[in-house]
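This report describes selected features of one protein model, from its core and strands to its helices and salt bridges. Please keep the sequence and the coordinates at hand while reading.

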Amino acid sequence: MSAKLHAPDEQIKDPQVALTFLKEGNERFVSGNTIPRNTNLQDIKVTSEGQKPFAAILTCADSRVAPELYFDQKIGDVFIVRNAGNYADLEALGSIEFATKHLGAPLVVVVGHSKCGAVFTSHDKVTGLSENLQTVLDNIRVNIESCASKEEAVTANVKAQVETLKNNPVIKEVGALVVGAEYDIATGKVSFHN
């Protein structure tokens, strides 16, 4: 399979093209046919003058969840925002506003993942943690309180963050497409929400 890849100096304006890049990249990753990484030095040189990512991705800080890898992308392709539980807090929102409005990313993807410790711990209503961590879990809990299972909570959390981003005035103004997805840490497969 010879897919078209994003050139680091190419501005992508169509969110469907951007989404296709991610879907094809995940197919390459899962099949073990990832792109050669022999252009890193060239890409660094090109991106040292500026960046034109085609997607902004909000995902979890979990060490097993690396979007550049599981979407099989290169330097300059994706603008990543990571925190525990892929939560759209003020810092994440500001970063994604920057990616969409100032860098021109036409696509925003919220990627949750299987066995997410932040979501699972929040679902279990654990308390007594450090103040900062407890705040993160309490913010996630608001969106998953009615979920019967931890797995359902992962999906509900993604959907809640997607809605937050869709309703952000800056993201609405630029017309970026916002979608949700989930990464399976056992298979490497990303499933996009409808």
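Which residues does Val 111 touch, not counting residues up to four places away in sequence? Val 111 touches Ile 57, Leu 58, Thr 59, Cys 60, Tyr 70, Phe 71, Asn 86, Ala 181, Glu 182 and Tyr 183, where contact means heavy atoms within 4.5 Å.

## Basis of the model

The model is predicted: local features need pLDDT of at least 70, and side-chain atom pairs count only at pLDDT 80 or more, whereas totals for chains, interfaces and linings use all residues. Residues are numbered from 1 along each chain as its sequence is written, and side-chain values use heavy atoms, with hydrogens and water left out.

## Nonpolar cores

Val 111 also belongs to the largest nonpolar core, which has 20 residues. A nonpolar core is a set of buried Ala, Val, Leu, Ile, Met, Phe, Trp, Tyr and Cys residues joined through side-chain atoms within 4.5 Å. Buried means under 20% relative accessible area, exposed over 50%, and partly exposed in between (1.4 Å probe, protein chains only). The members that touch the most others are Leu 22, Phe 54, Phe 71, Leu 107, Val 109, Val 111 and Phe 192. Two or more residues come from each of α1 (15–31), β1, β3, β4 (177–183) and β5 (190–192); α1 gives the most, with four residues. Helices (H or I, at least four residues) and strands (E, at least two) are DSSP runs, numbered from the N terminus.

A second, separate core has 18 residues, including Phe 79, Leu 93, Ile 96 and Val 108. In soluble globular proteins, nonpolar side chains tend to be buried together.

## Strand β1 and its partners

Strand β1 (residues 55–60) is largely enclosed by the rest of the structure, because six of its six residues are buried. β1 pairs in the parallel sense with β2 (residues 78–83) over six bridges, and with β3 (residues 107–113), also in the parallel sense, over five bridges. Two strands pair if DSSP finds at least two bridges between them. Leu 58 has Val 81 as its bridge partner in β2, while Ile 57 has Val 109 in β3.

Gln 134, in helix α6 (residues 131–144), is buried, with a relative accessible area of 11%. Beyond its neighbours within four places in sequence, Gln 134 is in contact with Val 126, Thr 127, Gly 128, Leu 129 and Arg 141.

Helix α7 (residues 150–166) has 17 residues and should span 24 Å at 1.5 Å a residue, which agrees with the 24 Å between its end C-alpha atoms. The expected span is 1.5 Å times one less than the number of residues. Among the buried residues of α7 are Asn 157, Gln 161 and Leu 165.

## Salt bridges

How many salt bridges does a search of the whole structure find? The search finds seven, each being a side-chain nitrogen of Lys or Arg within 4 Å of a carboxyl oxygen of Asp or Glu. In one of them, the closest N and O atoms of Asp 43 and Lys 74 are 3.3 Å apart. Asp 43 lies in helix α2 (residues 40–47) and Lys 74 in the loop between α3 (67–70) and β2, so the pair ties together parts that are 31 residues apart in sequence. Both Asp 43 and Lys 74 are buried.

Glu 173 and Lys 101 form another salt bridge, at 3.0 Å from N to O. Glu 173 is in helix α8 (residues 169–174) and Lys 101 in helix α4 (residues 90–102), so this pair ties together parts 72 residues apart in sequence. Glu 173 is exposed, with a relative accessible area of 54%, whereas Lys 101 is partly exposed at 40%.
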